[in-house]
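The following note collects points for a colleague reading this model. Please consult the sequence and coordinates alongside it.

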Amino acid sequence: MKTKKFLLQEKDIPTAWYNIVADMKNKPLPMLNPQTKQPVKAEDLYPLFSKAVSEQEMNTTDTWIEIPEEVRDLYKVWRPTPLVRAYGLEKALDTPAHIYFKNESVSPIGSHKLNSAIAQAYYCKKEGITNITTETGAGQWGAALSYAAKAFGLELAVYMVKVSYLQKPYRRSIMQTFGAQVIASPSMSTKAGRKILTEHPNYQGSLGTAISEAVELAMSTPNCRYTLGSVLNHVMLHQTVIGLEAEKQMEMAGEYPDVVIGCFGGGSNFSGITFPFLRHKLVDGKDIRVIAAEPSSCPKLTRGEFQYDFGDEAGYTPLIPMYTLGHNFAPANIHAGGLRYHGAGSIVSQLRKDGLMDAVDIPQLETFKAATLFAQTEGIIPAPESSHAIATAIREAEEAKKEGKPRTILFNLSGHGLIDMAAYDLYIGGDLQNYEVTDEEVKKNLSELEQIIK
């Protein structure tokens, strides 16, 4: 199994995050207060988030934001992560394309999520906050924040989407090992959870529901703040360490990607790998494509509407300008739990609206077929989420073969699938299926949105 890794040194870990908003000609529309419909200011977010990330959220002018040394020191536990040339996959596909992947699965909890978890926990600790809450879909973000909370001595409560709580018990165990309290969502511990369970007793949950519960707990608990693993601008900011490292590593490889791919739920790993490369397109006019790979069962970028919507199901959050399927959208119980979210972050949504990025939706069975081939050729079993990026990379490689032209492809392996083997068992046994959202379902859900953007 031939492979080649491009490795950096500790000194090469970025010293600043890249804020793409500063380079965007069309800035994302502001978040709005749901009652007044007026733009939200940083101080409006202070009761919910740490002050530092609230200010990062609103920063539209600073291209580079310094990474605190304490955060960078913890990054050194696993960063820089390897960039790998996927010779095995290239050979299996018999393609002229060169395929590279950034391996974020080497972090202590097995995914990219630690990049923002450590930053958010650090800022909370620095501001004297003692308790934090969050939601998690497949469990990667909850696991990452559990690790970060323990590192900074914070108490953490995690609302885990119920279907993932049941499908992925070992992710729950990881969180509990690090000392977090894990609650299946929807639960009876919050007003939002009780309301949903009263109306839909067998509801298996969604990220929107879990966010509602975590926000409610944060707002009702003294000295507590909410932390989010995707969607918002400050999360995208923290994740850019991925692409900033990958830039240097592609230089080491003597190549520049024609296309950069990330799987897509709310946008964290996609933004992390693509934004530093998009900078070259925005600033220098570089010809590069970036592709968000989302599940066919939750196709907000490919079939959603650009409109203001809540980030959660109960309507506790500000209104966010996003491509959305509607905050009441109930996604199918696919195994890529981290991608089961109704909307896209405001930065990605604006980039999509301006035609600066592409999006594709991938059926579940295609992702597991791609994941299995990747495991057999590269020796890494990928997370179901990451498998959407792998499937898209394979599509690109097959296109290059048809054209008979070389193509350099870079994708983000956002996490490993070693705790997702139950899903692989179902796939191998022929018990997985595809889920498609009908046009009628999409139309009905979107019809309930207030039309703020005309």
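1. The largest nonpolar core holds 97 residues, and those with the most contacts inside it are Trp17, Ile20, Ile118, Tyr226, Phe275, Leu301 and Leu410. A nonpolar core is here a set of buried Ala, Val, Leu, Ile, Met, Phe, Trp, Tyr and Cys residues joined through side-chain atoms within 4.5 Å. Helix 5 (residues 114–126) supplies the largest share of this core, 8 residues. A second, separate core of 26 residues includes Ile99, Ile291, Ile390 and Ala400.

2. On provenance: this is a predicted model, in which local features need pLDDT of at least 70 and side-chain atom pairs count only at pLDDT 80 or more, whereas totals for chains, interfaces and linings use all residues. Residues are numbered from 1 along each chain as its sequence is written, and side-chain values use heavy atoms, with hydrogens and water left out.

3. Strand 15 (residues 408–413) is largely enclosed by the rest of the structure, because 6 of its 6 residues are buried. Buried means under 20% relative accessible area, exposed over 50%, and partly exposed in between (1.4 Å probe, protein chains only). Both faces of strand 15 are covered, with Thr408, Leu410 and Asn412 buried on one side and Ile409, Phe411 and Leu413 buried on the other. Helices (H or I, at least four residues) and strands (E, at least two) are DSSP runs, numbered from the N terminus.

4. Strand 15 pairs in the parallel sense with strand 5 (residues 98–103) over 6 bridges, and His98 stands opposite Thr408. Strand 10 (residues 259–263) also runs parallel to strand 15, joined to it by 3 bridges; Val259 has Ile409 as its bridge partner. Two strands are taken to pair if DSSP finds at least two bridges between them.

5. Residues up to four places away in sequence aside, Leu410 touches Leu83, Tyr100, Phe101, Lys102, Ala246, Met250, Pro257, Val259, Val260, Ile261, Ile273 and Phe277. Contact means heavy atoms within 4.5 Å.

6. An open sheet of 4 strands has the order 8-7-6-9, with parallel pairing. Its edge strands, strand 8 (181–185) and strand 9 (224–226), each pair on one side only. Neighbouring strands of this sheet are turned by 20° against each other on average, direction ignored. Strand 6 (residues 131–136) is joined to strand 9 by 3 bridges, and Asn131 stands opposite Cys224. Helix 8 (residues 169–177) lies across strand 6, strand 7 (155–161) and strand 8, and runs at about 170° to strand 7. Axes are lines fitted to C-alpha atoms, for helices over the stretch in contact, and angles run from 0 to 180 degrees between N-to-C directions.

7. The whole structure contains 5 cavities of 30 Å³ or more, a cavity being a set of points on a 1 Å grid over the protein atoms alone where a 1.4 Å probe fits but cannot get out. Of the 29 residues lining the largest cavity, Lys113, Leu207, Ser230, Ser268 and Gly338 are the closest to its centre; lining residues have an atom within 4 Å of a point. Helix 13 (268–284) gives the most to this lining, with 3 residues.

8. Ala332 is found in the loop between strand 13 (319–324) and helix 15 (346–353), and counts as buried at 18% relative accessibility. Beyond its neighbours within four places in sequence, Ala332 is in contact with Ser297, Arg340 and Tyr435.

Conventions: On a 1 Å grid over the protein atoms alone, a cavity is a set of points where a 1.4 Å probe fits but cannot get out, and a pocket is an open set with protein on both sides within 12 Å along at least five of seven lines; lining residues have an atom within 4 Å of a point. Grid points are joined across faces, edges and corners, and a volume is the space filled by probe spheres set on the points.
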